[in-house]
Amino acid sequence: MSKEYISKNIVLIGMSGSGKTVVGQFLSKKLNMKLIDTDDIIVLNSKKTIPYIFSQYGEKKFRDLESKVIDDLSSETGIIISTGGGVVLNKKNIYLLKKKGVLFFLKANMDTLVKNIESSSQTHRPLLENNKSLGDRIRNIYKKRKELYISSADYIVKVDRKSVEEIGEEIIYILNK
Ligand code: S3P
């Protein structure tokens, strides 16, 4: 592993269910780097759950809290940052993350996203809670964000039909190149 990359941050971006958290955990263990999950920090700082923030204060408030976390992290180096799926909606977030980090877009197809979200027990995704089918919700959100993920990423890692280990090792391989 080159020193340059260890001193940079590894930033994971992508839709809910693309595997940012589990891949972040794998990389954290394997590379012995601290993992920061921006959603966790928002909950910790505000002492409120994400659905509560959305329902009581609205999405804009959540996005402001998210941007504040990114801003606070912008001077850190040598950490892994697992971001919330909507981080790409704000250009400044990406600008700040890129200053010290290499951005990996975990690119998944609809089947993978639906499967992963359905099998996860997490309840921090108010945007996906709605009467519409999960597939439709994800498709709508992804349509709006796809170009942002692609243009924000330094590298795109396809995750379909790959294990967490395979995805993590691919990222490490890219970092070592
Ligand atoms: C969001 C994704 C969630 C969380 C919040 C908003 C989004 O994080 O930040 O519910 O806008 O896609 P995950 O990507 O970890 O699910």
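Buried means under 20% relative accessible area, exposed over 50% and partly exposed in between, with a 1.4 Å probe and protein chains only as cover. The structure is a predicted model, in which local features need pLDDT of at least 70 and side-chain atom pairs count only at pLDDT 80 or more, whereas totals for chains, interfaces and linings use all residues. Residues are numbered from 1 along each chain as its sequence is written, and side-chain values use heavy atoms, with hydrogens and water left out.

**View 1. The setting of Ser74.** Ser74 sits in the loop that runs between helix 5 (59-73) and strand 3 (79-82), these elements being DSSP runs numbered from the N terminus (helices H or I, at least four residues; strands E, at least two). With a relative accessible area of 18%, Ser74 is buried.

**View 2. Neighbours of Ser74.** A polar atom of the Ser74 side chain lies 2.7 Å from the backbone oxygen of Asp71. Leaving aside residues up to four places away in sequence, Ser74 touches Leu96 and Lys100, where contact means heavy atoms within 4.5 Å. Between Ser74 and Asn93, which are 19 residues apart in sequence, the C-alpha to C-alpha distance is 9.2 Å.

**View 3. Side chains at the ligand.** An N or O atom in the side chain of Lys20 is 2.5 Å from an oxygen atom of the ligand, while for a polar side-chain atom of Arg63 the distance to a ligand oxygen atom is 2.6 Å and for one of Arg145 it is 2.8 Å. Of the 380 Å² of accessible area that the ligand has on its own, the protein covers 96%, by the Shrake-Rupley method with a 1.4 Å probe.

Terms used
A polar contact is a pair of N or O atoms within 3.5 Å; within protein, one must be able to donate a hydrogen and the other to accept it, and residues adjacent in sequence count only if both atoms are side-chain atoms.
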